[in-house]
Amino acid sequence: MGVASVPSQGRPVGSSRGQAARIRILGVSHTYAGRGMPVKALENINLTVEPGQFLSIIGPSGCGKSTLLRIVAGLVRSSDGEVVFEVDSGPVRELPGGDIGFVFQDSVLLPWKTVWDNVIFPLQVLGRTGPQAEATIRELLELAGLRGFERALPKELSGGMRQRVSIVRALAMEPRVLLMDEPFGALDALTRDRLNIELLRLWDQHPMTILFVTHSIEEAVFLSDRVVVMSPRPGRIVEDLAIELDRPRAIEVRDEPAFRKYVAHLRGLLG
Amino acid sequence: MKRRLWDTVIQIGVFFAVILAWHLYVTWGNVPSFVLPGPGPVLAKIVEIAKNGSLWRHAGMTFYEIVVGFAFGTALGALVGYVLAHWRTLENLLQPYILFAQTAPKIALIPLFVIWFGLGMTSKIVLIVSNVFFPVMINTMLGLRSVPAELNELMTLLKASRWQRLFHIEIPSAFPLFMAGLRLAIIQATIAAIVAEWIAGDVGLGFLLVYGNTTYDAHLLLAAVVATNVVGIACYLALLAIERRLLRWQAQETAAHLENTAA
Ligand SMILES: Nc1ncnc2c1ncn2[C@@H]1O[C@H](COP(=O)(O)OP(=O)(O)OP(=O)(O)O)[C@@H](O)[C@H]1O
Ligand SMILES: [Mg+2]
């Protein structure tokens, strides 16, 4: 269980709003009180995610991956340990509003708002609208292949398009940290491949630290600088693997022997 | 459009058919007019009381009570619904009392209200408020609870204020259920107003009903029934119009916003 911290490979790590954050997860354990028996979801998680790094978490269902993301997001208070963010101004327990983007498993859009309004609404809440923000949104919608759908309502979009909207919504805030909980789990393989490529491109242009939860080993290897494997509940880190494949990565990288080796190694761990 | 036109034609047709049936039943069946007057004499009675002004006085009073009671009851119901939706402990604490108060027939309380608040306006308004309050409160609560958990979490990540949550997420999410509550409430308000006037009062359509009844004036009684229905339906339709207005307003806001931001 070598906790290797791999610096991002010479990538720019600052967005226009400041540097991506380093995430330090320090001895985090979590037990849900629940009804009846308490459920121990996480046990002593220690993890440092470098600024601008793309880190994926894989592990069996119920091992506490979502719980870990929620703790990092500050949506759940861990029963033990702490999460510290290191930004240019120093270490902080909590980032300001809008510095953490969260993409849920199912797109969570406001059904009564158009695509455009859905994407801009976090910025309205943050009081950060303006010509520049709107230019960014237009660029992101373009990149995500949503141009021309600004006026559409969520119900008029396909599942994959909705998920792209919620990713664009998260990116439009230019967060320092992006947490993604199986964002493509509900999509077919082809759409998933396309969105993987799009996500990497967006990340390339808007650098941020990404924690990405997935059930797909291939997806994790394809996207990440690092893949962390968790044990069955209570979740512990059993492997921390640096993925040293060149970027930018094309879909064909999956046919390379190095890629297959990583996948085989991880598959062996998950049994 | 064509379909709606047809629906309207059919509705009007049915209305006149019912009136006609009523007329034929009364004339051919030789029904004495103190039992059931025909539509003609009832209409004449309505015209009569409209001319001498008593219709407007009574209907106006009833309408006024409904509007005031509905407004207070809605405000109170929405406020308490909001508080309870966000404060589960309090809700759990109050749950049994709410259930009790909600299911208790509040109409039966009017003599008590009369003792507490007198024969005047107050006791009537209190009765209406108590009938409007529960549907509005319950539906406000259900509406606010229908906000998806992830949307609330999104607002937490944005460190949104209570007001931002309310305006961005909660009001739009809760709107349909809230309006459904208002529709139930406006009907309750109408019934409560009539019953209150019936039991305690010397003015209002409810009073007119009782007056027609006790003086064996079937014409007046039926005229009052018709007027009551008209007031009730008018209130209901006004509410629907407001609802539609609000929905259109929101759609326009969105459209206008897009207009401004489009490249
Ligand atoms: N709100 C909660 N209350 C009680 N127990 C919970 C709660 N949320 C999760 N758990 C429990 O904690 C454990 C970890 O849940 P979590 O959702 O983090 O797993 P996961 O790794 O994301 O699983 P999956 O891959 O299926 O999404 C599970 O056993 C679950 O039953
Ligand atoms: Mg999960």
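Student: Which residue in E6(A) does A:Leu26 stand opposite?

Tutor: A:Leu26 stands opposite A:Glu82. Keep in mind that this is a predicted model.

Student: Which strands does that contact belong to, and in what sense do they pair?

Tutor: Strand E3 of chain A covers residues 22–32, and strand E6 of chain A covers residues 80–87. They pair in the antiparallel sense, over 6 bridges.

Student: What is the pairing between E3(A) and strand E4 of chain A?

Tutor: Antiparallel again, here over 7 bridges. Strand E4 spans residues 39–49.

Student: How many residues lie between E3(A) and E4(A) in the hairpin?

Tutor: There are 6 residues between the two strands. Look for A:Gly34 in the turn, with a positive phi of about 60 degrees.

Student: Now the charges. How should I read a salt bridge?

Tutor: Start with the general idea. Side chains of opposite charge can pair when their charged atoms come close. The cut-off here is a side-chain nitrogen of Lys or Arg within 4 Å of a carboxyl oxygen of Asp or Glu. By this rule the count is 23 salt bridges over all chains.

Student: What is the partner of A:Glu50?

Tutor: A:Glu50 forms a salt bridge with A:Arg22, with the closest N and O atoms 3.0 Å apart. A:Glu50 lies in the loop between E4 and strand E5 (54–58) of chain A, and A:Arg22 lies in strand E3, so the pair ties together parts that are 28 residues apart in sequence.

Student: Is A:Glu50 buried or exposed?

Tutor: A:Glu50 counts as buried, because its relative accessibility is 12% and the cut-off for buried is under 20%. A:Arg22 is partly exposed, with a relative accessible area of 23%.

Student: Which residue pairs with A:Arg24 in a salt bridge?

Tutor: A:Glu86 does, and the closest N and O atoms are 2.6 Å apart. A:Glu86 sits in strand E6 and A:Arg24 in strand E3, so this pair links parts that are 62 residues apart in sequence. A:Glu86 is partly exposed at 23% relative accessible area. A:Arg24 is partly exposed too, at 30%.

Student: What about chain B? Which residue meets B:Lys124 in a salt bridge?

Tutor: B:Glu65, at 3.6 Å from N to O. B:Lys124 is in helix H6 (residues 121–145) of chain B and B:Glu65 in helix H3 (residues 54–86), so the pair ties together parts that are 59 residues apart in sequence. B:Lys124 and B:Glu65 are both buried.

Student: Back in chain A, which residues do salt bridges that share partners join into one network?

Tutor: The network is made of A:Arg22, A:Arg24, A:Glu50 and A:Glu86.

Student: Where do like charges gather instead? Which residues form the patch of negative charge on the surface?

Tutor: A:Asp246, A:Glu252, A:Asp255 and A:Glu256. A:Glu252 lies in the loop between strand E12 (237–242) and helix H7 (257–270) of chain A. A:Glu252 counts as exposed, because its relative accessibility is 53% and the cut-off is over 50%.

Student: Which residues gather in the patch of positive charge?

Tutor: B:Arg4, B:Arg244, B:Arg245 and B:Arg248 gather there, on the surface. Helix H10 (residues 218–261) of chain B gives the most to this patch, with 3 residues. B:Arg248 is found in helix H10. B:Arg248 is partly exposed, with a relative accessible area of 46%.

Terms used
Residues are numbered from 1 along each chain as its sequence is written. Chains are lettered from A and ligands numbered from 1 in the order in which they are written. This is a predicted model: local features need pLDDT of at least 70, side-chain atom pairs count only at pLDDT 80 or more; totals for chains, interfaces and linings use all residues. Side-chain values use heavy atoms; hydrogens and water are left out. Patches are made of residues with over 30% relative accessible area and no salt bridge: like charges are joined within 9 Å, nonpolar side chains (Val, Leu, Ile, Met, Phe, Trp, Tyr) within 5 Å. Accessible areas come from the Shrake-Rupley method with a 1.4 Å probe; for residues, only the protein chains shown count as cover. Lys and Arg count as positive and Asp and Glu as negative; His and the chain ends are not counted. The place of a charge is taken as NZ of Lys, CZ of Arg, CG of Asp or CD of Glu. Helices (H or I, at least four residues) and strands (E, at least two) are DSSP runs, numbered from the N terminus. Buried means under 20% relative accessible area, exposed over 50%, partly exposed in between (1.4 Å probe, protein chains only). Two strands pair if DSSP finds at least two bridges between them.
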